[in-house]
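Here is a short briefing on one protein model. Please look over the sequence and the fold before reading on.

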Amino acid sequence: MVSVVMANEVLDEIRRNRRSGVCFKVDFEKAYDLVRWRFLFDMLRRLGFHDKWIVWVKGFLGSSSVSVLVNGSPTKEFKPTRGLRQGDPLAPFFFLVVVEGLAGLVRQALRTEVLRGVKVGRNNIEGCLLQFADDTLFLCEYSFNNIFAIKVILRCYEIVSGLKVNFHKSKLARISVGSYALTTYAKTLNYNTVRLPFQYLGVEVGGNPRKKQFWEPVVKKIEARLSSWKGRFLSMAGRIFLLKLVFTTIPLFYLSVFRAPIAVCNRISSIQIRFL
């Protein structure tokens, strides 16, 4: 949630100051399955974990065995050498340690001025990278040097960590940048282009929450869940339960980040009343 708020703040800052910038939405391919264990152990050591703890982690990861089904019959079991088991309680924490390596590369690039981020706020805090697990967002100034630096950072991180960028799902957006320059950047990074606003962590980033169009996806989801034909087969208690369920799941995520206009609130209320 903090990443969504920060992303909107940075984009608003760029627009207010009439500057140019680019936004990269990076998606990693099969993130949990491609993590190199050696890189994980090195990151644990860099973050100050005790050697005994690292030995425990090695024993924990090496205790698993895998077999493959071939024509319905399992093959001989073998030991995996990379990847984190999804569903394991410790796997998300290990993955956070792995993605901290990318943040370290970006901090080093900003420190040496190889990469220039976007300065926000009165204190001119420089922001460039926003992360939530494997959802990564780069925000930087309009410059080919920044584009090339990000490409080098992602390539280096891919080599050492094993995480590969999924170019089909990764997106590149522009803020006050010409279409020709955006196309050139997209070819350099091998990305697809997207217009603002776009979806990030389930919320639209780069839009104007004061406009009705921003809230159209939320209103349409509520209308689909509270269509009139569904109410015919429910009792009054069932309708009230469905109303509470829909209202506490669909719009609450948006409302925890943005303030909805009065017109949008009235429209949602009318949908609820009509369904009831």
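The notes below cover a pocket, a helix, a hairpin and a loop residue.

This is a predicted model, in which local features need pLDDT of at least 70, side-chain atom pairs count only at pLDDT 80 or more, and totals for chains, interfaces and linings use all residues. Residues are numbered from 1 along each chain as its sequence is written, and side-chain values use heavy atoms, with hydrogens and water left out. Helices (H or I, at least four residues) and strands (E, at least two) are DSSP runs, numbered from the N terminus.

**Largest pocket**

- The largest pocket has a volume of about 250 Å³.
- A pocket is an open set of points on a 1 Å grid over the protein atoms alone, where a 1.4 Å probe fits, with protein on both sides within 12 Å along at least five of seven lines.
- The volume is the space filled by probe spheres set on the points, which are joined across faces, edges and corners.
- The lining counts 13 residues; Phe39, Met43, Arg46, Gly101 and Gly104 lie nearest the centre. Lining residues have an atom within 4 Å of a point.
- Two or more lining residues come from each of α2 (37–46), α4 (91–111) and α5 (144–161).
- Helix α4 gives the most, with 6 residues.
- By class, the lining has 7 nonpolar, 2 polar and 4 charged residues. Ala, Val, Leu, Ile, Met, Phe, Trp, Tyr, Cys and Pro count as nonpolar; Asp, Glu, Lys and Arg as charged; the others, Gly among them, as polar.

**Helix α6**

- In α6 (residues 179–189), Ala181, Leu182, Tyr185, Ala186, Thr188 and Leu189 are buried. They lie on the same side of α6, because they cover an arc of only 160° around the axis.
- The arc is that of the directions from the helix axis to the C-beta atoms.
- Tyr180 and Lys187, on the other side of α6, are exposed.
- Buried means under 20% relative accessible area and exposed over 50%, with a 1.4 Å probe and protein chains only.
- Cover for the buried residues of α6 includes β1, α5, β10 (171–175) and β11 (192–193).
- Asn190 follows α6 and has a positive phi, near 65°.

- β7 (residues 129–132) and β8 (residues 135–141) pair in the antiparallel sense over 4 bridges. Pairing needs at least two DSSP bridges between two strands.
- Phe132 stands opposite Asp135 in β8.
- The hairpin has 2 residues between the strands, and Ala133 takes a positive phi near 60°.

**Asp27**

- Asp27 sits in the loop between β1 (21–26) and β2 (28–29).
- Asp27 counts as buried because its relative accessibility is 15%.
- Leaving aside neighbours within four places in sequence, Asp27 is in contact (heavy atoms within 4.5 Å) with Lys164, Val165, Asn166, Lys169 and Ser170.
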